[in-house]
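Please keep the sequence and the coordinates at hand while reading.

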Amino acid sequence: MSVLVYTESSEGKFKKAAYEVTSYGKKVAEQLGTNLVVLAINSDDPAALYAYGAEKVLNIANDSLNTFNAKVYADIIKQAAEKEQAQVVIVESSSNSLYLAPIVAVNLNAGYTNNVVTLPSSTAPFVVKRKAFSNKAFNNTEIHSDIKVLSLAKNSFGLVENNVSGSTEDFSPLIIESGLTSESVERTTGKVTIADADIVVSGGRGLKGPENWGIVEELAEVLGAATACSKPVSDLGWRPHSEHVGQTGKPVASNLYIAIGISGAIQHLAGVNSSKVKVVINTDPEAPFFKAADYGIVGDAFEVVPKLIEKLKEFKANNS
Amino acid sequence: MKILVCISHVPDTTSKINFTENDSKFDSNGVQYVINPYDEFALTRAMWFKEKQGASVTVVNVGNASTEPTLRKALAIGADDAIRVNTEATDGLSVAKELAEVVKNGGYDLVLAGKESIDYNGGMVPGMLATLLDFNFVNACIGLEVDGDKATIAREIDGGKETLSCNLPLVIAGQKGMVEEKDLRIPNMRGIMMARKKPLNVVAPVGANAVTTTVSFEKPAAKAACKLVDAEHVEELIDLLHNEAKVI
Ligand SMILES: Cc1cc2nc3c(=O)[nH]c(=O)nc-3n(C[C@H](O)[C@H](O)[C@H](O)COP(=O)(O)OP(=O)(O)OC[C@H]3O[C@@H](n4cnc5c(N)ncnc54)[C@H](O)[C@@H]3O)c2cc1C
Ligand SMILES: Nc1ncnc2c1ncn2[C@@H]1O[C@H](COP(=O)(O)O)[C@@H](O)[C@H]1O
């Protein structure tokens, strides 16, 4: 018996989500009175996972796996789960993990739930709380199958240090043919992605036009944040679709979300309210976003944001 | 090309979410149901294949009779026929198993679905369906071309996009980008009239068992009031974010 966690790395480096999902997996293993096994593919430093409770790391080094393929990766996770007799398989909520998780579930004849936000409230029956209705509610889901597959919602559990003396075992799974060929991968280089960002700075129609986005980008740069936008802004072509956040866009679950010139329509809020702290800057004190935000400034973005940038630069200079 | 579009019947995005029977059931009182927004992108792309490449388009829903107006709406947008698998949609795996049966019986070679349904946000039916059928599968699709039996697909990845190619049969889980927002179809009067005459076939379920159940629902805890900072004193916001919220 074991709990198997699958961690992702990018160019050999783990991101925060890998440590978060390991921290979570360790606690689930403790609840079940079993061991945690963490699977890593082409990681430079598998031992970095020991600090978060990984007693055993299954490490795969194989250049043919440098390009992600959901079906191939899902099959590897299945092989690892079978080898370790995993009862519970846990993945991140990155686009790649969300792609492979349903495949893993069918391969293992397992029940699956994504968006998991807490530890199981009970393990027999196995019940977890998850986000539903586009973050407007939660549901407690019972999984009946012998094996359970979970995807942990980003930033919902946090990092829990749990230094164990772990060991790393080389693992050489069979690599299947997938039928799908990756032709090319384009990445927006040098920018913080919404998925990984701790802070997201987002602009709405209140900014009047694409030529005014300089203040949004500068604020994001000072904060090391990703930039985002409301749906009409991307529909109008002011910003790329990949920045559209909300119920029908990307979900945001950052530590801090700053909304500039965004009214706070229900569909927008649904996608961003998993962020821990929300700040709104809007000329209209009646804008619905003020009901959802933790901090707010009633004011004109074109005056407030440049001042904020200036003061933040001073703050950063004094605090570094 | 025979296309099947999977349509999930969901509360309109403006719906207030409430629960009844001791928080064990979703309260559908006064709730308007719509085609799942992600499925609208898939359906619109399917109409393009129908018009430009002569594809046939069937829409399918696994659900009880209350979902029929949603299927009629899809017919009004232009699908040729509809199938309703007559059972309550309880969990993702059982829905996928019901859909797999429909795909096998109908010989579809392209199955278009949405990335997730906006009610339960399961994000699993398309991937499970593809795996059950041993079809190729691409999630979070933002572009799809088909030439003969060869497909080229763009998918969104964190911080970019990947272009993939494969042969049909194929299952796609789509989102905005598959078509542009402005190109989404809404039913016109003629479409609505024609939809009444199009076949909506009700088929019996295979009776797949659910492996997950919702035990109860919860609403998020009420939030504290927003703290307002004077626009003349933005440094106070920085102080609050640093010392109180501890996020910068
Ligand atoms: C099916 C469906 C799905 C949807 N999904 C999404 C989604 O995923 N994400 C999303 O964002 N929306 C979504 N929407 C759209 C949503 O309903 C709103 O229309 C949208 O969020 C409004 O965007 P906005 O706040 O940028 O613009 P507006 O509503 O126009 O608000 C602009 C705000 O800027 C303020 N403002 C004006 N000038 C200034 C200034 N100088 N300084 C500061 N503030 C200023 C105004 O007071 C106003 O509050 C969806 C809608 C539908 C029907
Ligand atoms: N009951 C259903 N009937 C038909 N298609 C469905 C059903 N439920 C989900 N789907 C399809 O699967 C996609 C993802 O749904 P889900 O896995 O429930 O988030 C939806 O966008 C639909 O295309």
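In the order S15(A)-S14(A)-S16(A)-S17(A)-S18(A)-S15(B), six strands form an open sheet with parallel pairing. Strands, like helices, are DSSP runs numbered from the N terminus (E, at least two residues, for strands; H or I, at least four residues, for helices), and two strands pair if DSSP finds at least two bridges between them. Strand S15 (226–229) of chain A and strand S15 (227–229) of chain B stand at the edges with a single partner strand each, so one side of each has no neighbour in the sheet. From one strand to the next, the twist averages 20°; axes are lines fitted to C-alpha atoms, for helices over the stretch in contact, and angles run from 0 to 180 degrees between N-to-C directions. Three bridges in the parallel sense link strand S18 (residues 295–298) of chain A with S15(B), where B:Lys227 is the bridge partner of A:Tyr295.

The model is predicted: local features need pLDDT of at least 70 and side-chain atom pairs count only at pLDDT 80 or more, whereas totals for chains, interfaces and linings use all residues. Residues are numbered from 1 along each chain as its sequence is written, chains are lettered from A and ligands numbered from 1 in the order in which they are written, and side-chain values use heavy atoms, with hydrogens and water left out.

**A second sheet**

An open sheet of 10 strands with mixed pairing has the order S13(A)-S11(B)-S10(B)-S9(B)-S12(B)-S8(B)-S1(B)-S6(B)-S7(B)-S13(B). At its edges stand strand S13 (181–187) of chain A and strand S13 (200–203) of chain B; each has a single partner strand, so one side of each is left without a neighbour in the sheet. The average twist from one strand to the next is 30°. Within chain B, S8(B) and strand S12 (residues 170–174) run parallel and are joined by five bridges; B:Leu112 stands opposite B:Ile172 in S12(B). In the loop between strand S11 (160–167) and S12 of chain B lies B:Pro169, which a cis peptide bond with omega of about 0° joins to B:Leu168.

**The two ligand sites**

Residues from chains A and B surround ligand 1, so this site is shared between chains. A residue is near a molecule if one of its heavy atoms lies within 4 Å of it. Of the 27 residues around ligand 1, those that come nearest are A:Ser230, A:Thr248, A:Ser263, A:Gln267 and A:His268. By class, this shell has six nonpolar, 16 polar and five charged residues; Ala, Val, Leu, Ile, Met, Phe, Trp, Tyr, Cys and Pro count as nonpolar, Asp, Glu, Lys and Arg as charged, and the others, Gly among them, as polar.

Ligand 2 is surrounded by 20 residues, and B:Cys6, B:Asp39, B:Ser117, B:Gly123 and B:Met124 are the closest. The shell around ligand 2 divides into 10 nonpolar, eight polar and two charged residues.

The table lists polar contacts of both ligands (pairs of N or O atoms within 3.5 Å).

| Residue | Residue atom | Ligand atom | Distance |
|---|---|---|---|
| A:Gly206 | backbone N or O | nitrogen of ligand 1 | 3.4 Å |
| A:Lys231 | backbone N or O | oxygen of ligand 1 | 3.0 Å |
| A:Val245 | polar backbone atom | nitrogen of ligand 1 | 2.9 Å |
| B:Asp39 | side-chain N or O | oxygen of ligand 2 | 2.4 Å |
| B:Gly122 | backbone N or O | oxygen of ligand 2 | 3.2 Å |
| B:Met124 | polar backbone atom | oxygen of ligand 2 | 2.8 Å |

Strand S6 (56–63), strand S8 (110–114) and helix H4 (125–133) of chain B are the elements that give two or more residues to the shell around ligand 2. S6(B) gives the most, with three residues.

**Loops of chain A**

A:Asn42, in the loop between strand S4 (35–41) and strand S5 (56–60) of chain A, has a positive phi near 50°. A:Asn42 is buried, with a relative accessible area of 17%; buried means under 20% and exposed over 50%, with partly exposed in between (1.4 Å probe, protein chains only). A:Ser134 also has a positive phi, of about 45°, and counts as buried at 6% relative accessibility. By contrast, A:Ser172 counts as exposed at 70% relative accessibility.

Terms used: A polar contact is a pair of N or O atoms within 3.5 Å; within protein, one must be able to donate a hydrogen and the other to accept it, and residues adjacent in sequence count only if both atoms are side-chain atoms.
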